[in-house]
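Hi,

Here is the model I said I'd pass on.

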Amino acid sequence: MSAESRLPNSPPVVADTYRLRLPGPIAVPERVRLAVARPILNHRGPEFRDIWARTIAKMQPIIGTKQPVHIFATSGTGVMEAALLNIVAPGERLLIVCNGQWGERFSTIAKALNAVVDPIDVPWGQTVDPAVLEIKLKTHDYRALVLVHNESSTGVIGDLKTAGQLVKNTPTLLVTDSVSGLAGMDFQMDAWGVDIVVAGSQKALMCPPGLGFLAASEKAWGVIRRDSGMPRFYFDLRRTRDAYDKGESTFTPAVSLVQGLDAALDMINEEGLANVLARHVRVSRGLKAGAAAMGLANFATAKMQSNTVACFHVPEGLDGTKIVRRLYDKHRTVIAGARNRLQGKMIRLGTMGAISEADILTDILHIEDVLAEMGHKLPKGAGVAAAAKAF
Ligand SMILES: *Cc1c(COP(=O)(O)O)cnc(C)c1O
């Protein structure tokens, strides 16, 4: 499962029998876990300042930006909130694309901040039509357009490049969440015209949960710095930026997790970012082909689909919750169902991080076994054969 268990000269000491195959958090490679276990450093001392600076520098090409990357001790939702908190004033309007659970989360946060939310409701599994976006954007002076990059509840990608074009010469900011996309899928913040991106450590970045990332464009900083915004403190990006300019974190950073991130980014750079992204394409394609051969239809119907999360309809007559439970009980393979209106109707797997073709073949074998046991008719071995062909 983990990268080190594939090195011929370093067999795992403990057998990896627990197969964490969620769309996050994901299994953390041993090299990252060992880095997390290093001694705690003085967070304002020379050693940590060095780690802090080089870790931020290594994050920039993954985000595709020359802007500072801010690192917080928080889960993904914390930086989602931070993004909106720093740009809206009460009563300002946000246009939020809702085609899954994470777009809805943004709406919920925005409402909690007393922003006015105009949702664009799109059937789950699909994405917003750019023509609709264009028309909607003309109806009001929106503070921001919010479009999730990688909607992990459906496996659909938001077209940020097109959205960036639409807001480019307007006062509207483009805000996105790439918690589950970053480091597994191409992301070009500056080139696409993304104004604020947030991400998390526990997905394709191969770290334990607990770090949130945020980067903002010059245009966004103009809004963040105005005096008329929301009251804020821990997540006040003006304060964050002041500390950043001194090479520090405002408050005590999650020293251990940042040391882990430093190691994870080294792993990505040693493999090469382009190779990492290509491997995500391969494993995702293989899993989807294997699943299709077993009668598991892909949930997403949009053209732009995720390479980091795979979502499948549960075959007629079967209960997705039971499939998830049985996979764990029998094979210790931990996958996800749906924690929303699709509960029982969908299963989801991560195809991100330190993951190989062999991991996908094992997933398919386990799923085939459990589906057959539940009475689903499928040709034996067809999933593995289809996946192997698709890689
Ligand atoms: C996993 C995920 C998150 C995570 O939020 P947490 O607060 O860390 O649970 C946010 N957005 C997306 C799109 C995700 O896939």
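This is a predicted model: local features need pLDDT of at least 70, side-chain atom pairs count only at pLDDT 80 or more; totals for chains, interfaces and linings use all residues.

**Around the ligand**

Numbering runs from 1 along each chain as its sequence is written, and side-chain values use heavy atoms, leaving out hydrogens and water.

Now the polar contacts (pairs of N or O atoms within 3.5 Å). Threonine 77 puts a polar side-chain atom 2.5 Å from a ligand oxygen, and aspartate 177 has one 2.6 Å from a ligand nitrogen. For serine 180, a side-chain N or O atom is 3.2 Å from an oxygen of the ligand. On its own the ligand has 390 Å² of accessible area, and the protein covers 87% of that (Shrake-Rupley, 1.4 Å probe).

As for the rings, there are seven aromatic pairs in the structure, meaning Phe, Tyr or Trp (six-membered ring) centres within 6.5 Å, with planes under 30 degrees apart called stacked, over 60 edge-to-face and the rest tilted. One of them joins tyrosine 234 and phenylalanine 235, edge-to-face at 5.0 Å between centres and 85 degrees between planes. A single aromatic cluster takes in Phe72, Phe233, Tyr234, Phe235 and Phe251.

Last one: arginine 241 has its charged end over the ring of tryptophan 221, 5.0 Å from the centre (the cut-offs are CZ of Arg or NZ of Lys within 6 Å of the centre and within 35 degrees of the ring normal).

Cheers

Conventions: A polar contact is a pair of N or O atoms within 3.5 Å; within protein, one must be able to donate a hydrogen and the other to accept it, and residues adjacent in sequence count only if both atoms are side-chain atoms.
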